[in-house]
Amino acid sequence: MRNILSGKQLALTVQRLAQHILEDQLTSSEIVLIGIQPRGVLFSDRLYQAIQAIEPSKQVNYGKLDITFYRDDIRKELHVANATDVNFSIENKQVVLVDDVLYTGRTIRSAFDALLAFGRPAGVKLCVLIDRRFSREFPIQPDYVGKSIDSLFSQKVKVFWEENSLEGRVEFL
Amino acid sequence: MKSAVQHLLGIKDLHQEDISLILSTAKQFKEVLQRPVKKVPSLRDVTIVNLFYENSTRTRMSFELAQKRLSADVINFSASTSSAKKGETLLDTVRNILSMKVDMVVMRHSASGAPHFLAQHIPAAIVNAGDGINEHPTQALLDAFSMIEKFGDLKGLKVAIIGDIMHSRVALSNMYLLKKMGAKVKVCGPPTLIPKHLVEALQVEVTYNVEEALQWCDVANVLRIQLERQNQPLFSSLREYNLAYGITRARLEKLQQSITIMHPGPINRGVELDSDVADGPHSIILDQVENGVAVRMAVMFLLSNPNRS
């Protein structure tokens, strides 16, 4: 087991990403943040919280998106669907899509399909906590990255969060 | 769904965790149906035939809509307008349809066990949409979904199933499901319409007094009198049935608590259910219909899911 990010370091990374998103969207009237179920939501919950802590007056539309029904490996194994909660339109909005670990890019590809069921966004940006470089199977790149890492195909990367905290740890399993 | 589940032939074959998985998946599909775009691409590589050897409005439209929302290719078959009229057997008909590369069969048939027979002979996944007086599993699942939506949990919920228990596949599927999920079940109807051996085997309570059933329950699932399946008179007249067992506003007003009214449709208004009850504030009949699409999407999504080698 090897450590990638931990404790205070992880909290600072989340805060930096929140700052970066706010900086980019300073002039827009609202921020649309959508976390991908299930593990991306654990990260986006904290990102949402961090954005609100930095800029309480900024309106943030926060949603959760499940991509199970849009996966390209749906026949390979049984995937259990999680709740989707996007109770606003994304028509003509700048959407920040949030996931914890970016690997092959297939989840994000599916998320684009899922997202379009809620309208036609003006643009979509991708925020990930961990970018596993050089392992993409689709031409998808993140706009906001917590940390880029090099990893082997055989390795697994997992994020563990402490309850009600921006802290936690990211590890190779 | 457990890998052993290849078909949905009846609730009898399902485990508690299969039922829970179908219902939790249905909940996510219900959300999909509230979106501006109500369609998902999950079954775009799947072709489904709806094989209806018996009339149907709700079930058939509900299945077809569910299939279209899942992006499946759909073909429809009605026995009344097909070569079944020329004497083609069920197995021949289905083999011919399957040779056109169909992956799933949704079937309604007036003979109990017809889908079970088919499951033994053909490689496609089979969904029972009602077989004779045996089972109607998707109806029981959507009834359960609607009850959970209203009450949160089935465990300990008191459900009265009232009416023609003997000829009702809805009743049998509901009894199996509710017992498996820990609800309390009481059946009520004329003694001639309640098969004694059945309720004994399923260990459900019986009453022949409709007031008693209504007083006891949280939910009354009222069933249609199935005159088309009754070969001999089992009660003297529809009017008498209504007087003895019909759910009327007067009967509900006498209760100490308000109860939820369900009906699988089609309703014989003024026989088993009066109009002001069917359309009243405690009726969730149209919610049942709405939930049917989500539940059927879940069933077909899950059946198409595992490696079907």
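**Where two domains of chain B meet**

Visitor: How many salt bridges are counted between domain 1 of chain B and domain 2 of chain B?

Guide: This is a predicted model, in which local features need pLDDT of at least 70, side-chain atom pairs count only at pLDDT 80 or more, and totals for chains, interfaces and linings use all residues, while side-chain values use heavy atoms, without hydrogens and water. A salt bridge needs a side-chain nitrogen of Lys or Arg within 4 Å of a carboxyl oxygen of Asp or Glu. Between domain 1 of chain B and domain 2 of chain B, the count is two.

Visitor: Which residue forms a salt bridge with Glu54(B)?

Guide: Residues are numbered from 1 along each chain as written, and chains are lettered from A and ligands numbered from 1 in the order written. The closest N and O atoms of this pair are 3.0 Å apart. The partner of Glu54(B) is Arg169(B).

Visitor: Which helix gives the most to the side of domain 1 of chain B that touches domain 2 of chain B?

Guide: Helices (DSSP runs of H or I, at least four residues) and strands (runs of E, at least two) are numbered from the N terminus. Among the elements supplying at least two residues each are helix H2 (58-69) and strand E3 (104-109) of chain B. With eight residues, the one that gives the most is H1(B).

Visitor: What area is buried between domain 1 of chain B and domain 2 of chain B?

Guide: Buried area is the accessible area (1.4 Å probe) that two parts lose on being put together, summed over both. Carbon and sulfur atoms give 61% of it here. The area is about 2500 Å².
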